[in-house]
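Q: Could we go through this model together? I would like to start with a helix and then move on to the core and the charged pairs.

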Amino acid sequence: MATRKPRKAPSTAPHAAGTILFTGFPGFIGARLIPRLLELRPGARFACLVQEKFLDAAHESVRALAAAHPRTKGRLDLVVGDITAPGLGMGESSARKLRTELTGAFHLAAVYDLAVARDVALRINVEGTRNVLEFLGEAPRLSRLDYVSTAYVSGTAVGTYRETDLDVGQSFKNHYEETKFLAEVAVVESGLPHTIYRPGIVVGDSGTGETAKFDGPYFALHAMNLLPSPGLFIRIGDGAAEVNLVPVDFVLEAIARLSSWEGAKGKTYHLTDPSPHTALGVAELLAKSIGKSFVFVPVPLPVAKLALAAPQVSEWLGMPGQTLDYFDHPVHYDASTATADLARFGIVCPPFREYVQRLVAFWKKKKAEITRGAMI
């Protein structure tokens, strides 16, 4: 699991007390992150912006958190609103009161779907972020926005993509990448104090395997499970491209710690594996973990995508064509800043080979219950 060694805590962020706006609750990551944030900020309260249609689920999540983490009891307020609406969909008086109380904000709410339609992605990822920024721009006590982006704002960039890079002239493989890029540009250009986190492909907990969604490498796992062994399985291109997988517990602890540290303000962090496996290496580990043996046959990316363009094939394998781009793209995410700053807290990203069996064990147990389209 993600290593967390005891260290002397660096100076904490100024919003360790006060009210903190949080979007993306009660999603899987949000519900797991908030208890840790409250633990690190004993004087803080969280105002969680929740769409009315998710209010019942949010109340249930608050009750569950209070039972599992007693220190959260009475410190989570649910605020009905919508990031896609001007003023976050709040009444004027409620918005004014909240803005005067805010000392910090976490913006996680987004659509996480490689196949998302462009109009939907623009409305949620871009306009939603701009609405959050506009709201925070009128919060006089705001010390920082902690914004969760993605490493894949890199789009079609090749070679080494650094934490200081953003617009390097890239295009994008899908509307998810494009709109997360545009949202990050908006954050940078807003002038608000901020810290940006760019996770790689987030998979389950390295200790328990737990996740709320089966996508990314789970698509390949599902396909392998359907095929006979010994047998054949496709290898996209030469299989040498890096696939950057990170367990959710590493991402959560990294965000929790860095967001609580004043030294992170103004920085962008790649929450990625500094030494990722290749696409072929990941495939071999997945096959081995379910007791399968394959000869990996090289197939050009355009040919593989053409095969998956047939709905019957894509549905049977459970693998959307957009996933294939991430197994044959020659980009390396430099995480020097994140690695150095997380070392202050004894946090390192565990290698995929150390926890893949736990991911697979959870997948075997829950594959019939968790849909591949679940949001985080």
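A: A definition comes first: the expected span of a helix is 1.5 Å times one less than its number of residues. Helices here are DSSP runs of H or I with at least four residues, strands are E runs of at least two, and both are numbered from the N terminus. The model is predicted, so local features need pLDDT of at least 70 and side-chain atom pairs pLDDT 80 or more, whereas totals for chains, interfaces and linings use all residues. Residues are numbered from 1 along each chain as its sequence is written, and side-chain values use heavy atoms, without hydrogens or water.

Q: How many residues does α12 have, and how far does it reach?
A: Helix α12 has 15 residues and reaches 20 Å from its first C-alpha to its last, close to the expected 21 Å.

Q: Which residues of α12 are buried?
A: They are Phe352, Tyr355, Val356, Leu359, Val360, Phe362 and Trp363. Buried means under 20% relative accessible area, exposed means over 50%, and partly exposed lies in between, with a 1.4 Å probe and protein chains only.

Q: Where do they sit around the axis?
A: These residues cover an arc of only 165°, which puts them on the same side of α12. The arc is that of the directions from the helix axis to the C-beta atoms.

Q: What do they pack against?
A: The buried residues of α12 pack against β9 (201–203), α6 (217–226), β12 (245–247), β14 (277–278) and α8 (279–289). Contact means heavy atoms within 4.5 Å.

Q: Turning to the largest nonpolar core, which residues touch the most other members?
A: Met224, Leu245, Leu286, Met319 and Phe352 do so, in a core of 49 residues. Helix α12 provides the largest share of this core, 7 residues. A nonpolar core is a set of buried Ala, Val, Leu, Ile, Met, Phe, Trp, Tyr and Cys residues joined through side-chain atoms within 4.5 Å.

Q: What does Met224 touch?
A: Leaving aside residues up to four places away in sequence, its contacts include Phe233, Ala283, Leu286 and Phe296. Apart from this core lies another of 42 residues, among them Leu37, Phe106, Tyr197 and Ala254.

Q: And α2, which of its residues are buried?
A: Leu55, Ala58, Ser61, Leu65 and Ala66 are the buried residues of α2. They fall within an arc of 135° seen down the axis, so they line one face of the helix. On the other side of α2, Asp56, Ala67 and Ala68 are exposed. Elements covering the buried residues include α1 (28–40), β3 (43–50) and β4 (76–80).

Q: How many salt bridges does the structure hold?
A: The structure holds 21. A salt bridge is a side-chain nitrogen of Lys or Arg within 4 Å of a carboxyl oxygen of Asp or Glu.

Q: Which residue does Arg36 meet in a salt bridge?
A: Arg36 meets Glu253, at 2.8 Å from N to O. Arg36 is in α1 and Glu253 in α7 (residues 248–259), so the pair links parts of the chain 217 residues apart.

Q: Are those two buried or exposed?
A: Arg36 counts as buried because its relative accessibility is 12%, and Glu253 also counts as buried, at 7%.

Q: What about Arg118 and Glu178?
A: Their side chains meet in a salt bridge of 2.6 Å, N to O. Arg118 lies in α4 (residues 118–136) and Glu178 in α5 (residues 175–189), so the pair ties together parts 60 residues apart in sequence.
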